[in-house]
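Morning, everyone. Let me put the next model on the screen, and then we'll go through helix packing and the ligand site.

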Amino acid sequence: MIDAGEELYSSLRRKFKGDLLRPGVSEYEEARGVWNGMFDRKPTLIARCADVSDVQGAVRAAADIGILTAIRCGGHSLAGFSTCDGGLVLDLSKMRQVTVDPETRRARFAGGCLLGSIDTATQKAGLVFPSGVVSHTGASGLILGGGTGWLTRRFGLSCDNVLGFSLITADGSLVHASATENPELYWALRGGGGNFGVVTEFEVKLHPLRSVVLAQGLCPEAGIRRLLEFWRSFMADAPLDLKWNIDLRLGQHAENVPVELRGRPVAGNSLVWTGDPGAGQPYLDCALAMCHKESVSSRMMPFLELQTMADMDFPHGRRYYTKSGYFKSLDDATIDRLLEAVATIPSSDTQIEFAYLGGAAGEPGADETAFGDRSAPFIMNLLANWSDPGADAGNIAWVRTLFRELRPAMKPGVYVNFMSGDEQDRVPEAYQTRWERMVAVKSHYDPGNFFRLNQNVLPRARVTDAAL
Ligand SMILES: Cc1cc2nc3c(=O)[nH]c(=O)nc-3n(C[C@H](O)[C@H](O)[C@H](O)COP(=O)(O)OP(=O)(O)OC[C@H]3O[C@@H](n4cnc5c(N)ncnc54)[C@H](O)[C@@H]3O)c2cc1C
């Protein structure tokens, strides 16, 4: 009897223009790797599509055969959703075309782009698309889940800047979604993740920006409480041009870290000012006043440098585990618990990341897009990062325990792109009042739940089945 992988390969190989990689061929081993080293999975076939018709052919064949299918853009899913054991990986990494129109300040880019390909193309025209902070992250996964980064307060989430999507749905159709074409799908794609089809092209708005001021500094353990108290009130009235992220972590053993801070709990501050540099300096000075003097730096930098400066901090193949949530306010008891937690961090690269959203990201109404909560400005990500598989249990337990303890103070809700693979029960929490609308769109476009390796929204029939 012919197995499903063999059947899929046979049905694709005559017309497929890209690469069909099976175990045993030379490129397979490298091609099956994803960013999070926790997911060492072996698909039966990797279909590296060359164009939209390859995507259509692969979706149709896989749906007919009923084989488990993972869609991959940048492969950075923290939850490992862009690979699988024994199924198909539909890999978009050959589809990285970007076209920029400086006149209309718009761009079109293909579904396999990394953030770096978009930044490089748009900066040639002095324009930006607001996205994430690491250039090797895939654009599709990031945008479909929402997309936060240095420019979020100024220009909104990535998904807020998408004017149109082209996607291949589960029956192999090419569908367009925009404010005027399939508006319900357009609504759902802005925050609803990979639930509805394979996006092959995005049309987006761009904004003029060439450089920013980046200011950084490390606050020693004794000052962290005062810093967080200051940050929570300061950001409430801060200008849109200011983004201030704080990472609680252990000071790195690096040349640019003062000796007395190495290996000790610190709050790493990164501030980006997108407006007139002179106008921003007083804010930056004030924000960094509590940092160790030798750790403070401030300089203008080209936008492309900003977008790549963290690339080495999150390398491919290490082991990562995450849990995330929102806070409406950062109360004193939460700060106490965070201070205890940072002193017990199990790995030197693990961090508690805090960003303050608000600004343009808070402007659209709660039901304007599928994206999760816009009303809680504090977003926290507990990101464990280590390399030894023997340390898995300790790192995962540290994240889970801290999350459990902080949870009562959190506002219900979660940003889907910062969820781990064991949190499918939190998916309805991510959408809250938008859940039924998500289910309706999913039931219409993917009634058989073909696209299920994601923060999955079960279509109606399946919800009923599951309830029986
Ligand atoms: C190093 C790093 C830095 C990050 N920084 C940020 C950040 O600054 N801001 C932020 O908001 N998030 C950030 N994230 C989280 C990031 O948004 C998610 O991990 C996102 O899923 C990555 O997208 P990807 O295309 O690389 O992922 P993939 O693993 O390729 O895919 C992720 C999900 O999207 C689906 N998918 C992928 N491509 C398509 C497509 N074309 N059509 C339909 N579905 C598709 C997949 O099926 C899967 O469910 C970061 C993650 C990492 C690992």
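Start with helix α11, residues 332-343, and helix α12, residues 392-406: their axes come within 10 Å and cross at roughly 165 degrees. Axes here are lines fitted to C-alpha atoms, for helices over the stretch in contact, with angles from 0 to 180 degrees between N-to-C directions. Helices are DSSP runs of H or I with at least four residues, strands are runs of E with at least two, and both are numbered from the N terminus.

Before going on, the ground rules. This is a predicted model, where local features need pLDDT of at least 70 and side-chain atom pairs need 80 or more, while totals for chains, interfaces and linings use all residues. Residues are numbered from 1 along each chain as its sequence is written, and side-chain values use heavy atoms, without hydrogens or water.

Back to the pair. α11 and α12 are therefore roughly antiparallel. The cut-offs: under 35 degrees is roughly parallel, over 145 roughly antiparallel, 65 to 115 roughly perpendicular, and the rest oblique. The crossing of α11 past α12 is right-handed, meaning that the near helix is turned clockwise from the far one by less than a right angle.

Next, α8, residues 224-234. Its axis comes within 10 Å of that of α11, crossing at roughly 140 degrees. So α8 and α11 are oblique to each other. This crossing, too, is right-handed.

Polar contacts next, that is, N or O pairs within 3.5 Å. A backbone N or O atom of T148 sits 2.6 Å from a ligand nitrogen. For C73, a backbone N or O atom is 2.8 Å from a ligand oxygen. The protein buries 95% of the 950 Å² that the ligand exposes when taken alone, by Shrake-Rupley with a 1.4 Å probe.

Conventions. A polar contact is a pair of N or O atoms within 3.5 Å; within protein, one must be able to donate a hydrogen and the other to accept it, and residues adjacent in sequence count only if both atoms are side-chain atoms.
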